[in-house]
Amino acid sequence: HLHNYFCARGPKTPDHASEENMRSANSAAIALAFGTSLTDAALPKKFFNTHHHLLDTANNTFSTFLQSLLGNMSYLPENYAESVVEPVKAAGVEWLGSIHMEMLPGNNPGDGPSEVAWIQSLVDDGKYDAKGIVGSCDLSADDAMTCLTDLKAASPLLVGVRWVLLRWLFPRNGGKDLLQGGVDGGVLPSFEKGYAALADHNLTFDMQCEVNQLPSFFELASRYPDIPVCINHLGRPAIVWGVNDTEANQTAISEWRTNMKAMASLSHVYVKISMLGHIVPNWIADEDREALVKQMVLETVALFGPERCIVNFNWWLNAAVSDSDFFGSVGPEPVEFLQKTMSWFQNYTEEEKEWLYWKSAETFYLRTDEDKGSKEEDKGTKEEDKGTKEEDKGT
(Lines give C-alpha, C1' and ligand atoms only; values in the text may rest on other atoms or scores of the structure.)
Protein backbone atom coordinates (compact mmCIF):
# COMPACT_ATOMS: atom_id res chain seq x y z
CA HIS A 1 0.00 0.00 0.00
CA LEU A 2 2.84 2.41 0.81
CA HIS A 3 4.56 1.65 -2.49
CA ASN A 4 1.42 2.05 -4.57
CA TYR A 5 0.42 5.26 -2.80
CA PHE A 6 3.71 7.07 -3.31
CA CYS A 7 4.26 5.81 -6.85
CA ALA A 8 0.88 7.28 -7.75
CA ARG A 9 1.47 10.45 -5.76
CA GLY A 10 4.88 11.29 -7.17
CA PRO A 11 7.45 13.30 -5.17
CA LYS A 12 7.66 12.32 -1.51
CA THR A 13 7.40 15.83 -0.09
CA PRO A 14 4.20 17.69 0.83
CA ASP A 15 2.88 19.94 -1.94
CA HIS A 16 0.72 22.39 -0.02
CA ALA A 17 -1.16 23.69 -3.05
CA SER A 18 -2.03 20.11 -3.91
CA GLU A 19 -2.98 19.42 -0.30
CA GLU A 20 -5.31 22.43 -0.35
CA ASN A 21 -6.90 21.21 -3.56
CA MET A 22 -7.25 17.77 -1.99
CA ARG A 23 -9.01 19.29 1.03
CA SER A 24 -11.45 21.19 -1.21
CA ALA A 25 -12.15 18.12 -3.36
CA ASN A 26 -12.55 16.03 -0.23
CA SER A 27 -15.18 18.37 1.22
CA ALA A 28 -17.01 18.63 -2.10
CA ALA A 29 -17.13 14.84 -2.48
CA ILE A 30 -18.53 14.41 1.01
CA ALA A 31 -21.15 17.13 0.52
CA LEU A 32 -22.15 15.59 -2.81
CA ALA A 33 -22.43 12.11 -1.27
CA PHE A 34 -24.73 13.27 1.51
CA GLY A 35 -26.48 16.13 -0.25
CA THR A 36 -25.66 18.54 2.58
CA SER A 37 -22.96 20.89 3.76
CA LEU A 38 -21.05 20.24 6.98
CA THR A 39 -20.33 23.91 7.60
CA ASP A 40 -23.22 24.36 10.03
CA ALA A 41 -22.71 21.14 11.98
CA ALA A 42 -22.02 21.34 15.71
CA LEU A 43 -18.46 21.37 17.00
CA PRO A 44 -16.99 20.73 20.46
CA LYS A 45 -16.19 23.85 22.44
CA LYS A 46 -12.66 22.61 23.20
CA PHE A 47 -10.32 20.03 21.72
CA PHE A 48 -7.07 18.41 22.82
CA ASN A 49 -5.34 16.40 20.06
CA THR A 50 -3.39 13.57 21.63
CA HIS A 51 -2.15 11.71 18.58
CA HIS A 52 -0.28 13.09 15.58
CA HIS A 53 3.13 12.67 13.97
CA LEU A 54 6.01 14.88 12.80
CA LEU A 55 8.82 13.49 10.67
CA ASP A 56 11.86 14.48 8.64
CA THR A 57 13.42 11.27 7.39
CA ALA A 58 16.09 12.93 5.24
CA ASN A 59 17.60 14.89 8.12
CA ASN A 60 17.10 12.63 11.14
CA THR A 61 19.38 9.63 11.50
CA PHE A 62 16.98 7.95 13.94
CA SER A 63 14.42 7.54 11.12
CA THR A 64 16.20 4.79 9.17
CA PHE A 65 13.29 2.35 9.53
CA LEU A 66 10.71 4.93 8.43
CA GLN A 67 12.94 6.06 5.57
CA SER A 68 13.07 2.48 4.32
CA LEU A 69 9.27 2.65 3.99
CA LEU A 70 8.67 6.23 2.85
CA GLY A 71 11.94 7.48 1.40
CA ASN A 72 12.82 11.12 2.12
CA MET A 73 9.73 12.75 3.56
CA SER A 74 9.01 15.58 5.94
CA TYR A 75 5.93 16.68 7.83
CA LEU A 76 6.89 19.53 10.12
CA PRO A 77 5.21 21.80 12.70
CA GLU A 78 4.33 24.42 10.09
CA ASN A 79 2.55 21.76 8.01
CA TYR A 80 0.67 20.54 11.08
CA ALA A 81 -0.35 24.09 12.02
CA GLU A 82 -1.63 24.78 8.51
CA SER A 83 -3.49 21.47 8.12
CA VAL A 84 -4.87 21.02 11.62
CA VAL A 85 -4.38 23.68 14.27
CA GLU A 86 -5.35 26.76 12.28
CA PRO A 87 -8.49 25.26 10.65
CA VAL A 88 -9.77 23.99 14.02
CA LYS A 89 -9.18 27.36 15.67
CA ALA A 90 -10.78 29.17 12.72
CA ALA A 91 -13.89 27.01 13.17
CA GLY A 92 -14.28 28.46 16.67
CA VAL A 93 -12.97 25.52 18.68
CA GLU A 94 -10.68 26.32 21.60
CA TRP A 95 -7.39 24.53 20.87
CA LEU A 96 -5.93 22.99 24.05
CA GLY A 97 -2.75 21.59 22.54
CA SER A 98 -1.15 18.40 21.22
CA ILE A 99 0.58 15.24 22.34
CA HIS A 100 3.24 14.11 19.88
CA MET A 101 3.13 10.36 19.19
CA GLU A 102 6.35 8.55 18.27
CA MET A 103 6.69 7.80 14.55
CA LEU A 104 8.50 4.44 14.33
CA PRO A 105 12.12 5.46 14.89
CA GLY A 106 14.71 2.74 14.32
CA ASN A 107 15.65 0.05 16.81
CA ASN A 108 19.26 1.11 17.22
CA PRO A 109 20.32 2.15 20.74
CA GLY A 110 19.37 5.79 21.19
CA ASP A 111 16.93 6.09 18.28
CA GLY A 112 13.86 6.51 20.51
CA PRO A 113 15.48 9.11 22.80
CA SER A 114 16.88 10.91 19.73
CA GLU A 115 13.39 11.33 18.30
CA VAL A 116 12.14 12.73 21.62
CA ALA A 117 15.14 15.12 21.74
CA TRP A 118 14.28 16.31 18.21
CA ILE A 119 10.67 17.06 19.19
CA GLN A 120 11.92 18.86 22.30
CA SER A 121 14.26 20.97 20.13
CA LEU A 122 11.29 22.07 18.00
CA VAL A 123 9.53 23.12 21.21
CA ASP A 124 12.62 24.95 22.48
CA ASP A 125 12.94 26.81 19.19
CA GLY A 126 9.33 27.97 19.42
CA LYS A 127 8.30 26.02 16.32
CA TYR A 128 5.97 23.58 18.01
CA ASP A 129 3.74 23.73 21.08
CA ALA A 130 3.55 20.26 22.62
CA LYS A 131 1.81 19.52 25.89
CA GLY A 132 3.43 16.09 26.02
CA ILE A 133 5.52 13.58 24.10
CA VAL A 134 5.08 9.81 23.78
CA GLY A 135 8.42 8.19 23.01
CA SER A 136 9.48 4.90 21.46
CA CYS A 137 11.18 2.10 23.36
CA ASP A 138 11.48 -1.61 22.64
CA LEU A 139 10.54 -2.81 26.09
CA SER A 140 11.84 -6.30 25.32
CA ALA A 141 15.37 -5.14 24.50
CA ASP A 142 18.38 -5.76 26.75
CA ASP A 143 18.88 -1.99 26.99
CA ALA A 144 15.21 -1.18 27.72
CA MET A 145 15.96 0.23 31.18
CA THR A 146 18.63 2.53 29.75
CA CYS A 147 16.24 3.58 26.99
CA LEU A 148 13.54 4.57 29.49
CA THR A 149 16.04 6.61 31.51
CA ASP A 150 17.32 8.30 28.34
CA LEU A 151 13.80 9.08 27.16
CA LYS A 152 13.08 10.88 30.43
CA ALA A 153 16.35 12.78 30.16
CA ALA A 154 15.61 13.84 26.57
CA SER A 155 12.54 15.89 27.47
CA PRO A 156 10.61 17.06 30.52
CA LEU A 157 7.50 16.69 28.35
CA LEU A 158 7.75 12.89 28.15
CA VAL A 159 4.45 11.40 29.35
CA GLY A 160 4.47 7.87 27.96
CA VAL A 161 5.85 5.17 25.71
CA ARG A 162 4.58 3.33 22.66
CA TRP A 163 6.05 0.27 21.00
CA VAL A 164 3.81 -0.88 18.16
CA LEU A 165 3.13 -4.61 18.42
CA LEU A 166 1.56 -5.27 15.01
CA ARG A 167 2.77 -8.40 13.24
CA TRP A 168 4.06 -6.62 10.14
CA LEU A 169 6.46 -4.77 12.41
CA PHE A 170 7.93 -7.94 13.91
CA PRO A 171 11.27 -7.29 12.10
CA ARG A 172 11.74 -4.40 14.55
CA ASN A 173 11.50 -6.98 17.36
CA GLY A 174 13.98 -9.36 15.79
CA GLY A 175 11.07 -11.35 14.39
CA LYS A 176 9.54 -11.98 17.83
CA ASP A 177 5.89 -11.77 18.84
CA LEU A 178 6.22 -9.90 22.12
CA LEU A 179 2.64 -10.61 23.19
CA GLN A 180 2.29 -14.24 22.16
CA GLY A 181 5.85 -15.50 21.77
CA GLY A 182 6.31 -16.66 25.35
CA VAL A 183 5.53 -19.96 27.05
CA ASP A 184 2.13 -21.36 26.00
CA GLY A 185 1.60 -18.41 23.69
CA GLY A 186 1.85 -15.84 26.46
CA VAL A 187 3.74 -12.56 26.83
CA LEU A 188 7.49 -12.74 26.28
CA PRO A 189 9.17 -12.39 29.73
CA SER A 190 11.64 -9.79 28.46
CA PHE A 191 8.76 -7.59 27.25
CA GLU A 192 6.90 -7.94 30.54
CA LYS A 193 10.01 -6.89 32.44
CA GLY A 194 10.29 -3.70 30.40
CA TYR A 195 6.56 -3.07 30.59
CA ALA A 196 6.59 -3.34 34.39
CA ALA A 197 9.35 -0.72 34.53
CA LEU A 198 6.98 1.92 33.10
CA ALA A 199 5.43 2.21 36.57
CA ASP A 200 8.81 3.13 38.07
CA HIS A 201 9.04 6.05 35.62
CA ASN A 202 5.37 7.13 35.97
CA LEU A 203 4.82 6.60 32.24
CA THR A 204 1.70 5.61 30.33
CA PHE A 205 1.61 2.99 27.57
CA ASP A 206 0.01 3.55 24.19
CA MET A 207 -0.97 0.10 22.96
CA GLN A 208 -1.33 -0.80 19.31
CA CYS A 209 -1.65 -4.46 18.38
CA GLU A 210 -3.92 -6.71 16.35
CA VAL A 211 -7.28 -7.80 17.73
CA ASN A 212 -6.28 -11.44 18.11
CA GLN A 213 -3.32 -10.34 20.25
CA LEU A 214 -5.59 -8.55 22.73
CA PRO A 215 -6.23 -11.58 24.99
CA SER A 216 -2.49 -11.75 25.76
CA PHE A 217 -2.31 -8.03 26.36
CA PHE A 218 -5.38 -8.24 28.62
CA GLU A 219 -3.52 -10.69 30.86
CA LEU A 220 -0.48 -8.40 30.93
CA ALA A 221 -2.44 -5.24 31.67
CA SER A 222 -4.38 -7.04 34.39
CA ARG A 223 -1.15 -7.71 36.26
CA TYR A 224 -0.13 -4.02 36.25
CA PRO A 225 -3.14 -1.84 37.10
CA ASP A 226 -0.84 1.05 38.03
CA ILE A 227 0.27 1.51 34.40
CA PRO A 228 -2.31 3.58 32.47
CA VAL A 229 -2.98 2.13 29.01
CA CYS A 230 -4.54 3.75 25.96
CA ILE A 231 -5.61 1.43 23.15
CA ASN A 232 -4.92 3.11 19.80
CA HIS A 233 -7.40 3.49 16.96
CA LEU A 234 -10.52 1.80 18.36
CA GLY A 235 -8.57 -1.39 19.00
CA ARG A 236 -7.40 -1.48 15.38
CA PRO A 237 -9.62 -4.34 14.20
CA ALA A 238 -8.81 -5.97 10.88
CA ILE A 239 -10.40 -4.18 7.94
CA VAL A 240 -14.02 -5.16 8.41
CA TRP A 241 -15.31 -3.71 5.13
CA GLY A 242 -12.62 -3.49 2.47
CA VAL A 243 -12.76 -1.14 -0.49
CA ASN A 244 -13.82 -3.94 -2.85
CA ASP A 245 -16.08 -5.80 -0.41
CA THR A 246 -19.84 -5.73 -0.87
CA GLU A 247 -20.58 -6.17 2.82
CA ALA A 248 -18.93 -6.06 6.24
CA ASN A 249 -17.10 -9.01 7.79
CA GLN A 250 -19.31 -9.84 10.78
CA THR A 251 -16.83 -12.43 12.10
CA ALA A 252 -14.13 -9.76 12.39
CA ILE A 253 -16.56 -7.40 14.10
CA SER A 254 -17.59 -10.10 16.58
CA GLU A 255 -13.96 -10.87 17.45
CA TRP A 256 -13.28 -7.16 17.96
CA ARG A 257 -16.38 -6.76 20.14
CA THR A 258 -15.49 -9.68 22.42
CA ASN A 259 -11.93 -8.49 23.01
CA MET A 260 -12.83 -4.85 23.51
CA LYS A 261 -15.44 -5.83 26.09
CA ALA A 262 -12.71 -7.60 28.05
CA MET A 263 -10.34 -4.63 27.80
CA ALA A 264 -13.07 -2.25 28.95
CA SER A 265 -13.39 -4.23 32.19
CA LEU A 266 -9.96 -2.88 33.24
CA SER A 267 -10.51 0.55 34.74
CA HIS A 268 -7.01 1.80 33.90
CA VAL A 269 -7.47 1.19 30.16
CA TYR A 270 -8.60 3.98 27.80
CA VAL A 271 -9.24 3.93 24.05
CA LYS A 272 -8.66 6.38 21.19
CA ILE A 273 -11.31 7.08 18.58
CA SER A 274 -9.25 7.61 15.44
CA MET A 275 -8.02 6.08 12.15
CA LEU A 276 -11.52 4.82 11.45
CA GLY A 277 -10.72 4.42 7.76
CA HIS A 278 -8.41 1.56 8.59
CA ILE A 279 -11.49 -0.31 9.81
CA VAL A 280 -13.81 0.81 7.01
CA PRO A 281 -11.88 2.55 4.20
CA ASN A 282 -13.62 5.54 2.59
CA TRP A 283 -16.38 5.57 5.22
CA ILE A 284 -16.60 9.34 4.98
CA ALA A 285 -18.07 9.16 1.44
CA ASP A 286 -20.59 6.33 1.85
CA GLU A 287 -23.66 6.35 4.10
CA ASP A 288 -23.70 2.60 4.75
CA ARG A 289 -20.01 2.52 5.60
CA GLU A 290 -20.39 5.51 7.88
CA ALA A 291 -23.31 3.81 9.64
CA LEU A 292 -21.06 0.85 10.50
CA VAL A 293 -18.25 3.10 11.74
CA LYS A 294 -20.72 5.08 13.84
CA GLN A 295 -22.10 1.86 15.33
CA MET A 296 -18.60 0.65 16.30
CA VAL A 297 -17.66 4.02 17.79
CA LEU A 298 -20.85 4.19 19.87
CA GLU A 299 -20.35 0.61 21.03
CA THR A 300 -16.86 1.54 22.16
CA VAL A 301 -18.07 4.59 24.10
CA ALA A 302 -20.81 2.47 25.70
CA LEU A 303 -18.21 -0.09 26.82
CA PHE A 304 -15.56 2.28 28.15
CA GLY A 305 -17.69 5.30 29.03
CA PRO A 306 -16.93 8.85 27.80
CA GLU A 307 -14.47 9.26 30.69
CA ARG A 308 -12.13 6.70 29.08
CA CYS A 309 -12.57 7.55 25.39
CA ILE A 310 -10.34 10.04 23.55
CA VAL A 311 -11.26 11.51 20.16
CA ASN A 312 -8.15 12.43 18.15
CA PHE A 313 -6.91 12.96 14.60
CA ASN A 314 -3.89 10.61 14.19
CA TRP A 315 -2.78 13.34 11.77
CA TRP A 316 0.15 13.36 9.38
CA LEU A 317 0.55 14.03 5.67
CA ASN A 318 -3.14 14.32 4.67
CA ALA A 319 -6.70 13.26 5.48
CA ALA A 320 -6.79 9.96 3.59
CA VAL A 321 -3.51 8.68 5.04
CA SER A 322 -4.29 9.86 8.57
CA ASP A 323 -7.68 8.18 8.49
CA SER A 324 -6.85 4.89 6.75
CA ASP A 325 -3.10 4.25 6.90
CA PHE A 326 -3.02 4.12 3.06
CA PHE A 327 -5.98 1.74 2.67
CA GLY A 328 -8.50 4.42 1.60
CA SER A 329 -8.50 7.19 -0.99
CA VAL A 330 -10.52 9.73 0.99
CA GLY A 331 -10.74 10.78 4.64
CA PRO A 332 -12.21 13.57 6.78
CA GLU A 333 -10.37 16.83 7.30
CA PRO A 334 -9.90 17.72 10.99
CA VAL A 335 -12.95 20.00 11.28
CA GLU A 336 -15.08 17.53 9.33
CA PHE A 337 -14.03 14.73 11.67
CA LEU A 338 -15.05 16.77 14.70
CA GLN A 339 -18.40 17.58 13.08
CA LYS A 340 -19.06 13.97 12.16
CA THR A 341 -18.24 12.56 15.58
CA MET A 342 -20.24 15.30 17.31
CA SER A 343 -23.27 14.30 15.23
CA TRP A 344 -22.81 10.70 16.41
CA PHE A 345 -22.64 11.86 20.04
CA GLN A 346 -25.75 14.04 19.88
CA ASN A 347 -27.48 11.99 22.60
CA TYR A 348 -24.65 12.51 25.07
CA THR A 349 -24.68 15.36 27.58
CA GLU A 350 -22.44 18.39 27.21
CA GLU A 351 -20.29 17.16 30.07
CA GLU A 352 -19.89 13.74 28.45
CA LYS A 353 -18.81 15.42 25.20
CA GLU A 354 -16.22 17.38 27.15
CA TRP A 355 -14.76 14.08 28.34
CA LEU A 356 -14.69 12.72 24.80
CA TYR A 357 -12.93 15.72 23.25
CA TRP A 358 -10.51 16.87 25.93
CA LYS A 359 -11.08 15.88 29.57
CA SER A 360 -10.25 12.18 29.12
CA ALA A 361 -7.14 13.16 27.19
CA GLU A 362 -5.94 15.48 29.94
CA THR A 363 -6.76 12.91 32.62
CA PHE A 364 -4.75 10.22 30.85
CA TYR A 365 -1.69 12.16 29.68
CA LEU A 366 -1.40 15.23 31.90
CA ARG A 367 -1.55 13.49 35.23
CA THR A 368 -0.61 15.77 38.09
CA ASP A 369 2.23 15.10 40.51
CA GLU A 370 -0.50 14.51 43.09
CA ASP A 371 -1.97 11.74 40.90
CA LYS A 372 1.43 10.17 40.47
CA GLY A 373 2.21 10.63 44.14
CA SER A 374 -0.98 8.87 45.19
CA LYS A 375 0.09 5.88 43.12
CA GLU A 376 3.48 5.88 44.80
CA GLU A 377 1.68 6.11 48.14
CA ASP A 378 -0.55 3.19 47.17
CA LYS A 379 2.52 1.26 46.13
CA GLY A 380 4.16 2.02 49.47
CA THR A 381 1.03 0.96 51.32
CA LYS A 382 1.00 -2.32 49.42
CA GLU A 383 4.63 -2.91 50.34
CA GLU A 384 3.84 -2.05 53.96
CA ASP A 385 0.87 -4.44 53.95
CA LYS A 386 3.08 -7.11 52.44
CA GLY A 387 5.65 -6.54 55.19
CA THR A 388 2.95 -6.75 57.86
CA LYS A 389 1.72 -10.03 56.44
CA GLU A 390 5.24 -11.41 56.44
CA GLU A 391 5.65 -10.27 60.06
CA ASP A 392 2.32 -11.92 61.01
CA LYS A 393 3.45 -15.05 59.25
CA GLY A 394 6.70 -15.02 61.22
CA THR A 395 4.84 -14.45 64.50
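Helices α5 and α6 are roughly parallel to each other, because angles under 35 degrees count as such. The model is predicted: local features need pLDDT of at least 70, side-chain atom pairs count only at pLDDT 80 or more, and totals for chains, interfaces and linings use all residues. Residues are numbered from 1 along each chain as its sequence is written, and side-chain values use heavy atoms, with hydrogens and water left out. The chain has 14 helices and ten strands, taken as DSSP runs numbered from the N terminus (helices H or I, at least four residues; strands E, at least two).

**Helix packing**

- The axes of α5 (residues 111–124) and α6 (residues 144–154) come within 8 Å and cross at roughly 10°. Axes are lines fitted to C-alpha atoms, for helices over the stretch in contact, and angles run from 0 to 180 degrees between N-to-C directions.
- On the α5 side the contact (heavy atoms within 4.5 Å) is made by Gly 112, Pro 113, Val 116, Ala 117 and Gln 120, and on the α6 side by Cys 147, Asp 150, Leu 151 and Ala 154.
- The residues of this α5–α6 contact divide into six nonpolar, two polar and one charged. Here Ala, Val, Leu, Ile, Met, Phe, Trp, Tyr, Cys and Pro count as nonpolar, Asp, Glu, Lys and Arg as charged, and the others, Gly among them, as polar.
- Helices α8 (residues 214–223) and α9 (residues 250–264) pack at about 5°, with axes 10 Å apart, and are therefore roughly parallel to each other.
- Leu 214, Pro 215, Phe 217 and Phe 218 of α8 meet Asn 259, Met 260, Ala 262 and Met 263 of α9. By class, the contact of α8 with α9 has seven nonpolar, one polar and no charged residues.

**Largest pocket**

- The largest pocket holds about 410 Å³ of space. On a 1 Å grid over the protein atoms alone, a pocket is an open set of points with protein on both sides within 12 Å along at least five of seven lines, and lining residues have an atom within 4 Å of a point. Grid points are joined across faces, edges and corners, and a volume is the space filled by probe spheres set on the points.
- The lining has 23 residues, and those closest to the pocket centre are Leu 104, Trp 168, Arg 236, Asp 325 and Phe 326.
- Helix α3 (residues 64–70) gives the largest share of the pocket lining, three residues.
- By class, the pocket lining comprises 14 nonpolar, six polar and three charged residues.

**Cavities**

- There are three cavities of 30 Å³ or more; a cavity is a set of grid points where a 1.4 Å probe fits but cannot get out.
- The largest cavity has a volume of about 80 Å³. Its lining includes Ser 274, Met 275, Asn 312, Phe 313, Trp 315 and Asp 323.
- Elements giving two or more residues to that lining are α11 (319–324) and α12 (334–344), and the largest share, three residues, comes from α11.
- The lining of the largest cavity divides into seven nonpolar, three polar and one charged residue.

**Loop residues and burial**

- Buried residues (under 20% relative accessible area; exposed is over 50%, partly exposed in between, with a 1.4 Å probe and protein chains only) make up 54% of the 395 residues in the chain.
- Arg 167 is in the loop between β6 (158–162) and α7 (189–200) and is partly exposed, at 28% relative accessibility. Arg 167 touches Asp 177, Gln 180, Glu 210, Asn 212 and Gln 213, not counting residues up to four places away in sequence.
- Ile 284, in the loop between β9 (269–273) and α10 (287–304), is buried, with a relative accessible area of 0%. Ile 284 and Asp 323 are 39 residues apart in sequence and 9.7 Å apart in space, C-alpha to C-alpha.

**Backbone and contact range**

- Most residues other than glycine have a negative phi.
- Leu 234 has a positive phi of about 60° although it is not a glycine. Leu 234 lies in the loop between β8 (229–231) and α9 and is buried, at 1% relative accessible area.
- Met 275, also not a glycine, has a positive phi of about 50°. Met 275 sits in the loop between β9 and α10 and is buried, at 5% relative accessible area.
- Among contacts between residues at least 6 apart in sequence, 79% join residues at least 24 apart.

How values were computed:
Angles under 35 degrees count as roughly parallel, over 145 as roughly antiparallel, 65 to 115 as roughly perpendicular and the rest as oblique.
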